[in-house]
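This report goes through one protein model, part by part. Keep the sequence and the 3D view open while reading.

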Amino acid sequence: LVCEFTPRAAPASMRRALCSAASRRAVLGAPDASLVGAVRGGTGDALPPAPDVQIWPEIISEAEESALVAEAERWLARRAFEPGHFDGVIRNYREQQQPLGRVREPSRALLQKLSAAAVPGAELLPIHVLELAADGVIGRHVDHVEYSGGTIAGLSLVSSAVMTLHHEGTDAALDLTLPPRSLYALSGAARYEWGHSLVPAGRRIAMLFRDRAET
Ligand code: OGA
Ligand code: MN
């Protein structure tokens, strides 16, 4: 692992953690903790510790957002909205996987920068573009562990949303406010020990960045 941000003396795992925090901060700036709610509820005697979540508001400009929305609409053009099943996790949506190499400039460079910073030191899967209709929802789930690795990051476009994290063991919950043009990252316990659900305030497009699961 090459990291320009951390000293070489530390053990590799510590260097990796320090490196990802430092490279995130260098590229993305400081996350805004006020968008992360307090842990509430749950069945246990003690609340679980707050999981590892960051939200960076206004990480792109309105002009960049417009260009990304135009790209997303191009990728999704041939996809129909899917109602989803009554017991399914997600409703009233359409989605597409888009390899970074097929994204047009200048959006490609922007997505390359944001995804590499949010999901550092990893081989990235193609971008997952997910459009929810105004009445779409994502029900509670943990992303498949065979499919993707330890970090899930998402860029929110068009509308804000509330994402709720649900602790698998205790059902304790935590709300995240995701304004348009913000980026979030869930790692560690936030990715593996908490599920997530999402309700958008209107039509919303997300670009999701994930690392490949280690095999
Ligand atoms: C998913 C998901 C969150 C988002 O696609 O698995 O949880 O921000 N998406 O749209
Ligand atoms: Mn998910």
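This is a predicted model: local features need pLDDT of at least 70, side-chain atom pairs count only at pLDDT 80 or more; totals for chains, interfaces and linings use all residues.

## Helices α1 and α3

Are α1 and α3 roughly parallel or roughly antiparallel to each other? Helix α1 covers residues 12-28 and helix α3 covers residues 107-118. Their axes cross at roughly 150° and come within 8 Å. An angle over 145 degrees counts as roughly antiparallel, and α1 and α3 are therefore roughly antiparallel to each other.

The residues that meet can be named on both sides. From α1 they are Arg24, Val27 and Leu28, and from α3 they are Lys113, Leu114, Ala117 and Ala118. Sorted by class, this contact has five nonpolar residues, two charged residues and no polar ones.

## Helices α2 and α3

Two packed helices are described by the angle between their axes and by the distance between the axes. Helix α2, made of residues 62-76, packs with α3 at an angle of about 100°, and the axes are 10 Å apart. Angles of 65 to 115 degrees count as roughly perpendicular, so α2 and α3 are roughly perpendicular to each other.

On the α2 side, Glu64, Ala67, Leu68, Glu71 and Trp75 take part in the contact; on the α3 side, Ser107, Leu110 and Leu111 do. By class, the contact of α2 with α3 has five nonpolar, one polar and two charged residues.

## The manganese site

Which residues coordinate the manganese ion (ligand 2)? The ion is held by His141 and His196, each through NE2, and by Asp143 through OD, at 2.0 to 2.1 Å. Along the chain, these donors follow the spacing H-x1-D-x52-H.

Is Asp143 buried or exposed? Its relative accessible area is 8%. Buried means under 20%, so Asp143 is buried.

## Two loop residues

Pro180 is found in the loop between β6 (173-178) and β7 (183-187). With a relative accessibility of 18%, Pro180 counts as buried. When neighbours within four places in sequence are left aside, Pro180 is in contact with Glu58, Glu65, Ser156, Leu157, Val158, Ser159 and Ser160.

Gly88 sits in another loop, between α2 and β2 (90-98). Its relative accessible area is 32%, and Gly88 is partly exposed. Gly88 and Gly149 are 61 residues apart along the chain, and their C-alpha atoms are separated by 23 Å.

## The whole chain

How many helices and strands are there in the protein? There are four helices and nine strands. In sequence order they give the pattern α-β-α-β-α-β-β-β-β-β-α-β-β.

The C-alpha atoms fill a box of roughly 50 × 50 × 35 Å along the principal axes. For 215 residues, a compact globule would have a radius of gyration near 17 Å, and the protein agrees with this, at 17 Å. Of the 215 residues, 46% count as buried. Among contacts with a separation of 6 or more, 78% come from residues 24 or more positions apart.

Terms used: Residues are numbered from 1 along each chain as its sequence is written. Chains are lettered from A and ligands numbered from 1 in the order in which they are written. Side-chain values use heavy atoms; hydrogens and water are left out. Donors are N, O and S atoms within 2.8 Å of the metal (3.2 Å for Na, K and Ca); water is not among the atoms, so sites may look incomplete. Buried means under 20% relative accessible area, exposed over 50%, partly exposed in between (1.4 Å probe, protein chains only). Axes are lines fitted to C-alpha atoms, for helices over the stretch in contact, and angles run from 0 to 180 degrees between N-to-C directions. Angles under 35 degrees count as roughly parallel, over 145 as roughly antiparallel, 65 to 115 as roughly perpendicular and the rest as oblique. Contact means heavy atoms within 4.5 Å. Ala, Val, Leu, Ile, Met, Phe, Trp, Tyr, Cys and Pro count as nonpolar, Asp, Glu, Lys and Arg as charged, and the others, Gly among them, as polar. The radius of gyration is taken over C-alpha atoms; the globule rule is 2.2 Å times the number of residues to the power 0.38.
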